[in-house]
Amino acid sequence: MTRAIRTAALVGNPNAGKSALFNALTGARQKIANYPGVTVERKAGRMALPSGEPVELIDLPGSYGLDATSPDEEVTRKVILGEMEGQTRPDALVVVLDASNLEQHLVFAQEIIALGRPTVIALNMIDLAERDGLVLDPTALEQALGVPVIPTVAVRRRGLTELAAAIAEAERHAGEPAHPQSHIGLTERRLEAHVIADGAILSETRRHRLHSRLDRVLLHPWLGPVILFALLFVMFQAVFAWATPFADALESGIGAISAEVRATVPASLARDLLTEGILSGVGSVVVFLPQILILFFFILVLEATGYMARAAFLMDRLMAGVGLSGRSFIPLLSSFACAIPGIMATRSIADPKDRLTTILIAPLMTCSARLPVYAVIIAAFIPNRSVGAGVGLQGLVLFALYVIGIVGAMAVALVLRRSVTKGAASGFIMELPKYQMPTIKDLALGLWQRAWIFLRRAGTIIFMVTVVLWLLLNFPRAAPGEDQVDASIAGTLANGLAVVVEPIGFNRDIALALIPAMAAREVAVASLATTYAVAATDEAETAQKLGDQLKSRWTLPTALAFLAWFVFAPQCMSTIAVTRRETNGWKWPLFMLAYLFGLAYLFAGITYWSAVALGL
Amino acid sequence: MQLDDLPIGQPARITAVDWTLLVPEEAQRLRALGIDNGAKVTLAYRGVFAGRDPLALEIGRMTVALRRIHARAMTVEPA
């Protein structure tokens, strides 16, 4: 009597195509969470066996072996051995192999098979192996390994049914390891891997492989960095240019709803809450969805194609200059989308000091939550004209803000590595994966997950903060002739804070926006929108776009100082929370808060007074 | 000859590794990637900036990036 397979785990080297296989097997039925106590993402989903019975499939972090060197590999080891808290030991292990790199991937596979657990091999990306002129014999591999071998092409959904059938039968292939010597060392496993791989390769025509041709250009000593820089520049231009029609459409849609509400609902406080609070506030954040999706699209494409690792290679030397390595580049680039996945991605950095430094500077990378803030201010204060060669001034300013964040991060890293995170210089060892065409489906799934997270934030945190702020702005009611914002609770609080931020050119409205923006940066925009909607004295003024309101109320130096503030300010509770969890305590998140607020205050002040001195 | 002196595109075999020059975790990572005594490697690319660091090494069907300081610990023989 065999026990039914209820959970299975995908294991294998990094770049074996595990995630693509996981997506193909589970579709959109995925749950992404964290393992308790560690911030390694737990990706699990449901797949169906041929009998129709569901199996929980877990996608484990890529690993080269069971002796862990990074927090990532530690999770893989613990889950496989059943030592992970809150995770039952998987009933079956699915080892994913890159068909065109068998002699490397078989090293870890042998270690897994030697555990004597129900095991199935997915011989993945067999189409790419064929493209490279490699003809394989899965049966020979099966005989040599003693466990079922299923050829798969995750991205074309080939071999998935066969794999599911093999998982259902996996129990039969356990308990009798083909290699009785289960404690052989790495060197022996490597020799054995070569023998097995040679036996499975029927013929091999050494073709000029696509990826070495691409690498010749993309890793070229001079062209490589130029291409990387150009790519990043296009990415940030696109964020602004491509998103405009969509953002405009969203904005006019929200405007139309607001007008409709105003026309149909009789004037009352409840109507004001709906139009001034919810529609102005939440709406002003939702319009940035197109920009955020475009940014994530680029990052997902860079990751899926394998270019990200090349970027790390090209950046390593520069990162070494500030005491980090090319490995830190990937979490930092992800932080451009959001610091939270960025900080979580630092788990692949083995050196603890390196990792801590990367975590501490990650919030300086301009995340997508700053985009709404930057976009509103830039659109209102920077003229929309070309500076030549199809490059717009607005895009250029946005690019400059990103660059300031990067330069600031590098400077901070340099200082930290010589003070609080002092230690031996770390190395850089990293596999450069083969180039791949990203699949539309995987990209769409990734984008959908990001869009959902963003909209959920807009619908929960931002919604609540906006409503609370609207209430604080509207009570107590102003006496006739008195300004409503000045009379309100929020106004009183802001007037107090304004004393602190006046030296750096901020007015009361900004002070007011900074408080709720602690929840999330983009709330600053929602707060400004709500504040000005409440402060508006007539219907026409209420309907005015936020940009026009800002233009009539702020000076250019104030706007620039506001931008400079947001380059540095650590205004995101989730980032602080994830840093606390990641560094196991309050020491580092508090340090992060202090140094970032210090820098924000300093730079906003410098910007303001320089702009005033220049007569802007 | 040390690995970091190898001309680009020249296939070679690693004949000795001075593990004492490497941090234990990094030594382990290099070995996990198959960069070990007896491995056949080709230096494929070098970085652009000062010191022409890091290096990209072709080993089997993999390309692995590493720093010069690691390559310096490895003695190679052109093959």
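**Close-up 1. Strand S1 of chain A and its cover.** A residue counts as buried when its relative accessible area is under 20%. This is a predicted model, and in it strand S1 (residues 7-11) of chain A is mostly covered. Of its 5 residues, 5 are buried. In a regular strand the side chains alternate between the two faces of the sheet. On one side of S1(A) lie Thr7(A), Ala9(A) and Val11(A). On the other lie Ala8(A) and Leu10(A). Both faces are covered.

**Close-up 2. The strands that pair with S1(A).** S1(A) is joined by 4 bridges to strand S4 (residues 54-59) of chain A, and the two run parallel. Here Ala8(A) has Leu57(A) as its bridge partner in S4(A). Another 4 bridges join S1(A) to strand S5 (residues 92-98) of chain A, again in parallel. Val11(A) has Val95(A) as its bridge partner in S5(A).

**Close-up 3. Helix H12 of chain A.** Helix H12 (residues 289-305) of chain A has 17 residues. At 1.5 Å a residue they should span 24 Å. The end C-alpha atoms are 24 Å apart, so the span agrees with expectation. H12(A) is mostly covered, with 12 of its 17 residues buried. Among them are Leu289(A), Ile292(A), Leu295(A), Phe296(A), Ile299(A) and Leu302(A). Just after the helix, Gly306(A) takes a positive phi of about 95°.

Close-up 4. The structure holds 16 aromatic pairs over all chains. One of them is Phe229(A) with Phe399(A). A pair of aromatic rings is described by the distance of the centres and the angle of the planes. For Phe229(A) and Phe399(A) these are 5.7 Å and 80°, an edge-to-face pair. Phe229(A) lies in helix H9 (residues 223-241) of chain A. Phe399(A) lies in helix H18 (residues 393-418) of chain A. The pair therefore ties together parts that are 170 residues apart in sequence. Phe399(A) is buried, with a relative accessible area of 11%.

**Close-up 5. A cluster of rings in chain A.** Ring pairs link Phe381(A), Phe506(A), Trp554(A), Phe562(A), Trp565(A), Phe566(A) and Phe597(A) into a cluster.

**Close-up 6. Arginines over aromatic rings.** In chain A, the charged end of Arg310(A) sits over the ring of Tyr435(A). It lies 4.1 Å from the ring centre. In chain B, Arg31(B) lies over the face of Trp19(B). Here the distance to the ring centre is 5.9 Å.

Note on methods: Residues are numbered from 1 along each chain as its sequence is written. Chains are lettered from A and ligands numbered from 1 in the order in which they are written. This is a predicted model: local features need pLDDT of at least 70, side-chain atom pairs count only at pLDDT 80 or more; totals for chains, interfaces and linings use all residues. Side-chain values use heavy atoms; hydrogens and water are left out. Rings of Phe, Tyr and Trp (its six-membered ring) pair if their centres lie within 6.5 Å; planes under 30 degrees apart count as stacked, over 60 as edge-to-face and the rest as tilted. Buried means under 20% relative accessible area, exposed over 50%, partly exposed in between (1.4 Å probe, protein chains only). A charge sits over a ring if NZ of Lys or CZ of Arg is within 6 Å of the ring centre and within 35 degrees of the ring normal. The expected span of a helix is 1.5 Å times one less than its number of residues. Two strands pair if DSSP finds at least two bridges between them.
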